[in-house]
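The questions below go through one structure, beginning with the contact between its chains and moving on to features within them. Each answer works towards the value or name that was asked for.

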Amino acid sequence: MAAPSNVSAGTALVVGALPYTHTQSVTDAGVCYTVWYQYTGTLGQLGIQVSAANATGTGTYIPDITYYAADGTTVILPPNTLTPIQVGTLVATDYYIKVSPSVADLSAASLRVEVHPTPTAPVVAGYVLINDDGQSGWNVQGHLPGVILNPTTGEVANIVFPLAQGDFGDILPNGRLALENFATDDLIFYAPNFDVVTTVDLTPATDFIRVRAQNTLGQFAVTVRQSSVTKFKVYSDTGTELLSRNTTLPSNPQSIVLSNDGGTMYYALQVGGAAIKTWNLTTNTAGADFAATTGGARISDMLMLDNGELLAMNVMVTPTVVKRYSAAGALLATYTIGTSLLPDGAVPRMAYDAAGGQAAFWVWWFPSDGVARMQKIQISDGTVLLTQDTPVYEEGVAQGDVAPGTFGASNSCPLIIIGQPIPSNPPTFFVSSSPTPSHHEEARYIRRLRRAPHMNNENKRVFYRTFELDLERGQALASGQGSEPVVLLRLSRDGGQTWGEEQRMAVGRLGEYQARVLARRLGHGRDLVFEVVVSDPVAWSLVGAWLDLEPGTS
Amino acid sequence: MQYPGFIGASDRVSARTVNAERVINWYPELATGTPKAKAWLAPTPGLDPFVVLGAGPVRALYAEENRCFAVGGGNLYEVLANQTFVFLGAVGMDGRPASISSNGSDGRQLFVVSNGDGFIFDLTTDLFTPIIDDGFPRPVSMGAFIDGYFLALQAQSDKFQISELENGLVWDALDVAQVSHTTGIVRAMVPVHRELWLLGTSTTTVWADIGDPDFPFAPIPGAFIQQGIGSLFGWTVVDNALFWHGQNEDGGRVAYRAQGYQPQRISTHAVEQAWAEVATLQDTVCWSYQDRGHAFVVFYIPSAETTWVYDVSTQAWHERSLWDPTALVWTPHLARCHAFAFDKHLVGDRQSGAIYHLDAHTHTDGVLEGG
């Protein structure tokens with residue numbers, strides 16, 4: 001058996017088209033080799049998953065992966081055997097994958113490396129965005145994507161990359177986001193299509209920058225600890241600072257939420273048993289305590305409902321619960337979530353429903369190792385409307401038994417329910433989407449229908465040679481949906497009771513003003529109704545129709 | 001041969017073998033001059049997202065002096081030309097449309113009625129104030145403005161009350177009128193040509209300002225109509241006339257236009273047969289706008305398959321609808337209220353806090369749905 005040739009970054013095997021699988025022997029003459037692969041980011045591919053395994057499943061060989069930047073020496077992800085890993089990739093940027101024997105097999109070791117593309121399914125309202133914190137050393141910052149989960153399957157539908165990496169963030173009903181970027185102490189504001197609107201520098205922040213949407217006001221509430229001063233801030237949805245208050249709080253709160261009139265910040269400090277307190281933003285003074293906690297709980301998240309009621313997630317107690325309070329602080333309901341692990345110190349989190357919906361809220365907790373569970377809970381009676389588990393990737397590394405090609409979410413970050421992203425332009429991360437339109441995407445184009453009067457010749461049979469539509473032609477778009485518009489024609493031969501199959505009639509491309517839009521050999525009938533339907537995004541002006549027909553005699 | 005009648009209105013009747021004609025998201029347009037065709041189908045405008053309010057659905061839109069206001073969910077907002085919004089105050093949420101009226105340059109107040117209560121927004125100071133005057137006749141179902149007075153229609157009653165002249169914060173409980181000429185309650189109160197149409201469950205009376213210092217409004221002699229209205233908000237004023245869907249002791253589900261003090265039936269049997277199949281019209285919301293010379297009267301009926309639209313200029317009906325590609329069914333158009341602001345037709349979403357620009361060059365009809 002020959003020694004492998006790809007034993008350095010300089011001799012790395014180039015990863016070809018995705019998904020990519022490569023198997024090779026890594027043992028020769030009593031040496032178990034380290035081998036290298038190189039991947040170059042391509043347009044439309046925002047991330048990859050890499051896994052390495054003992055190809056035969058026999059012997060002692062256990063590989064581990066180290067993931068390097070373009071220079072082949074800067075480590076992005078340190079060696080690990082809990083493969084696979086998932087990372088974001090930039091266009092035309094090189095990355096190196098080193099596979100070393102964590103446990104060598106000097107007699108016979110066969111390696112299988114797989115590289116899978118991140119999913120590119122369409123994203124619709126109700127999907128769940130989870131960004132990554134990536135706070136550890138190394139150089140993982142800037143390399144981990146935000147994932148978008150399909151809540152009905154728990155699977156990653158798509159990713160957003162690059163995206164701020166941090167532990168806090170939220171979304172407004174209009175689809176605008178604010179996310180903490182932990183490594184740089186920035187607060188980054190995003191448009192609904194994830195274009196960066198503005199970056200607010202909050203250095204030096206000595207703790208996490210906490211963010212919570214105020215849906216009624218369309219604003220973001222923020223707390224940051226700078227130079228031993230805890231500050232409450234309020235930002236517009238585009239990142240304009242509307243208010244800043246230096247408080248006398250001894251530390252940064254664990255969680256905050258802003259009242260619907262913008263005058264009061266509710267907060268709970270990062271200590272067990274800390275009460276939910278209030279801060280009057282108008283007078284910049286402490287207000288009355290809102291509600292006490294019990295059992296030494298911490299309040300990891302709070303939500304403000306449109307009616308002034310407040311939801312508070314009580315963590316680091318068994319079980320984790322969410323409590324709902326009236327605007328006056330009276331306890332109205334307690335929702336039992338479950339007994340949650342605290343993987344790497346990550347606590348359960350909570351989120352508003354899509355577009356700030358008031359009927360339900362979401363929770364995100366950890367029932368067992370390597371599993372994160374999201375649930376949608378009905379506010380009125382605590383009914384669990386949805387439960388879905390998803391694999392956990394911490395710092396880009398799968399935490400459980402995850403199969404190649406299966407992506408997952410970070411375990412310690414905010415979950416954000418995508419509400420109504422209605423950008424004027426397609427989101428940039430949809431660049432990598434499947435070209436096949438989903439039903440949801442299709443739904444956005446106006447569907448138009450004309451069902452014409454009956455064609456009846458004293459109930460005698462009529463033979464229809466052609467149906468030709470007169471409409472304004474040549475109006476197609478230059479590219480994309482609408483560049484080759486079609487009309488769908490249906491016929492009913494029983495006076496509009498039942499309908500036949502659709503026939504497609506091409507309308508012609510941009511500038512083809514003389515294109516003929518017709519269907520031939522339409523058969524015969526005694527009482528026909530013609531129907532045309534269009535849904536391509538072009539200017540449809542319908543002028544009339546012609547028929548070439550031959551009356552029968554019977 | 002030319003397909004006879006290929007260009008036409010929605011005229012499908014319950015007996016499909018008689019007429020199955022429909023036109024959805026197109027409207028008939030008559031050509032002038034010496035055209036190739038005397039009529040054609042023009043595409044209805046799309047919904048270009050303008051702004052998404054902090055709460056939904058959008059329950060009212062109002063524009064004045066290049067300012068635009070909206071009630072989204074339980075909140076009053078100002079909608080700005082730069083496609084952002086400002087929260088002005090909480091007005092409560094009851095799921096029904098809210099009403100916004102103004103006392104213009106003299107009072108510079110907006111009168112908002114929502115969730116049975118009244119609110120004043122001062123256009124000069126930008127101050128939002130709930131009406132706390134004990135004389136205010138809560139719960140109210142809608143507000144209006146005529147001749148310096150705000151008017152409040154007391155819910156589930158035949159009474160309306162007026163504010164102090166040019167001041168919607170002050171209400172005298174004695175400044176109240178009872179519509180004794182009508183039977184049942186007054187469902188809707190509509191100012192038309194400085195006259196006040198009070199539409200009941202089966203009859204309508206019209207009042208006017210007669211200048212009486214004790215109470216300025218009184219019934220106009222002879223202005224009594226044997227036709228009421230089928231819902232609180234199933235009316236609109238456009239093309240200098242009131243349009244509504246009528247109801248009286250003989251029946252309902254017919255669309256009318258006011259010709260003087262006479263109701264003129266505008267619905268066709270096809271429309272009436274479609275409306276007859278709907279579970280209820282009591283939650284109908286009517287709105288209107290004028291675009292490209294067409295005055296459109298829009299009947300949003302939540303439980304109907306489509307939204308029905310009457311084109312005043314052609315007197316033809318067409319349907320507007322959002323196609324559900326999953327269930328493969330038509331659903332009503334998303335818009336349910338309108339304001340002409342910033343030189344745009346803005347409409348409010350019946351489902352969410354989205355406000356759209358009704359735009360002929362947009363070929364999409366709303367938000368990403370589902371999930």
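Q: Which residue of chain B forms a salt bridge with Arg450(A)?
A: In this predicted model, the rule finds two salt bridges across the interface of chain A and chain B. In the one formed by Arg450(A), the closest N and O atoms are 2.5 Å apart, which lies inside the 4 Å cut-off, so the pair counts as a salt bridge. The partner of Arg450(A) in chain B is Glu21(B).

Q: Which element gives the most residues to the side of chain A that touches chain B?
A: The elements that give two or more residues to this side of chain A are helix H1 (439-443) and the strands E38 (448-456), E39 (462-471), E43 (527-534) and E44 (542-551). The element that gives the most contributes eight residues, and this is E38(A).

Q: How many nonpolar residues are there on the side of chain A that touches chain B?
A: In the contact between the chains, 56 residues of chain A meet 55 residues of chain B. By class, the side belonging to chain A has 15 polar and nine charged residues, while its nonpolar residues number 32.

Q: What area do chain A and chain B bury between them?
A: The size of an interface is often given as the accessible area lost when the parts come together. Of the area buried between chain A and chain B, 60% is on carbon and sulfur atoms, and the count of residue pairs in polar contact between the two chains, with both residues at pLDDT 80 or more, is 21. The buried area comes to about 5000 Å².

Q: Which residue of E1(B) is the bridge partner of Arg451(A)?
A: Strands of a sheet pair through backbone hydrogen bonds, either parallel or antiparallel. E38(A) and strand E1 (residues 22-24) of chain B run antiparallel and are joined by three bridges. Within E1(B), the bridge partner of Arg451(A) is Arg22(B).

Q: Are the rings of Phe530(A) and Tyr3(B) stacked or edge-to-face?
A: Over all chains, the structure holds 47 aromatic pairs. One of the two residues considered here, Phe530(A), lies in strand E43 of chain A, whereas Tyr3(B) lies in the segment before E1 of chain B, so this pair joins two chains. The ring centres of Phe530(A) and Tyr3(B) are 5.5 Å apart and the planes stand at 85°, so the pair is edge-to-face.

Q: How many residues apart are Arg373(A) and Asp389(A)?
A: The side chains of Arg373(A) and Asp389(A) meet in a salt bridge, with 2.7 Å from N to O. The pair links distant parts of the chain, with Arg373(A) in strand E33 (residues 371-378) and Asp389(A) in strand E34 (residues 384-391) of chain A, and the separation is 16 residues.

Q: What is omega for the peptide bond that joins Arg138(B) and Pro139(B)?
A: Pro139(B) is found in the loop between strand E12 (128-130) and strand E13 (140-146) of chain B. The peptide bond joining Arg138(B) to Pro139(B) is cis, and omega is about 0°.

Conventions:
Residues numbered from 1 in each chain as written. Chains lettered and ligands numbered in written order. Predicted model: local features only at pLDDT ≥ 70, side-chain atom pairs only at ≥ 80, totals over all residues. Heavy atoms only, no water. Contact = heavy atoms within 4.5 Å. Buried area = accessible area lost by both parts, 1.4 Å probe. Polar contact = N/O pair within 3.5 Å; in protein donor to acceptor, adjacent residues only side chain to side chain. Helix = DSSP H or I, 4+ residues; strand = E, 2+ residues; numbered from the N terminus. Nonpolar A, V, L, I, M, F, W, Y, C, P; charged D, E, K, R; others polar. Pairing = 2+ DSSP bridges. Phe/Tyr/Trp six-rings, centres within 6.5 Å; stacked < 30°, edge-to-face > 60°.
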